[in-house]
Amino acid sequence: MVLIGSRNEGGGADLAPVSSAWWLGQSCVLGLGGSSRTCADLRREGECVFNLPCAAQGTPSTPSRC
């Protein structure tokens, strides 16, 4: 799970979950619906912030110590 932060038309912050994200070398590939607000924000602003969990959060049996 990745949380993606973007700016809406009013300049406020939007935060949305993205369950389809993977890396090809140094590039991140996202699976977003073309009609989503996040996708519209990215087209308009041309930038975003990825919020990734630490490795400990990816294993349910391990306590989170990020």
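Q: Let's start with strand β2, so which residues are on its covered face and which on its uncovered one?
A: This is a predicted model, and in it strand β2 spans residues 13–18, with D14, A16 and V18 on the covered face, while A13, L15 and P17 make up the uncovered face.

Q: And how does β1 run relative to β2, parallel or antiparallel?
A: They run antiparallel, and six bridges join strand β1, which covers residues 2–7, to β2.

Q: What sits between β1 and β2?
A: There are five residues between them, and the two strands form a hairpin. In the turn, G11 has a positive phi of about 90°.

Q: Switching topic, where is T38?
A: T38 lies in helix α1, which takes in residues 37–45.

Q: Why does T38 count as buried?
A: Its relative accessibility is 10%, and because buried means under 20%, T38 falls into that class.

Q: Which residues does T38 touch, leaving out those up to four places away in sequence?
A: With those set aside, T38 touches I4, S6, A16 and L32.

Q: What about pockets, what volume does the largest one have?
A: The largest pocket has a volume of about 170 Å³, and its lining consists of G5, S6, R7, A13, D14, L15, E47, C48 and V49. The elements that give two or more residues to that lining are β1 and β2.

Q: How many residues of each class are in that lining?
A: Sorted by class, the lining of the largest pocket has four nonpolar residues, two polar ones and three charged ones.

Q: Stepping back, how many helices and strands are in the chain?
A: The chain has one helix and five strands, and read from the N terminus on, its elements follow the order β-β-β-β-α-β.

Q: Last one, what share of the contacts joins residues at least 24 apart?
A: Taking the contacts between residues at least 6 apart in sequence, 37% join residues at least 24 apart.

Note on methods:
Residues are numbered from 1 along each chain as its sequence is written. This is a predicted model: local features need pLDDT of at least 70, side-chain atom pairs count only at pLDDT 80 or more; totals for chains, interfaces and linings use all residues. Side-chain values use heavy atoms; hydrogens and water are left out. Helices (H or I, at least four residues) and strands (E, at least two) are DSSP runs, numbered from the N terminus. Buried means under 20% relative accessible area, exposed over 50%, partly exposed in between (1.4 Å probe, protein chains only). Contact means heavy atoms within 4.5 Å. Two strands pair if DSSP finds at least two bridges between them. On a 1 Å grid over the protein atoms alone, a cavity is a set of points where a 1.4 Å probe fits but cannot get out, and a pocket is an open set with protein on both sides within 12 Å along at least five of seven lines; lining residues have an atom within 4 Å of a point. Grid points are joined across faces, edges and corners, and a volume is the space filled by probe spheres set on the points. Ala, Val, Leu, Ile, Met, Phe, Trp, Tyr, Cys and Pro count as nonpolar, Asp, Glu, Lys and Arg as charged, and the others, Gly among them, as polar.
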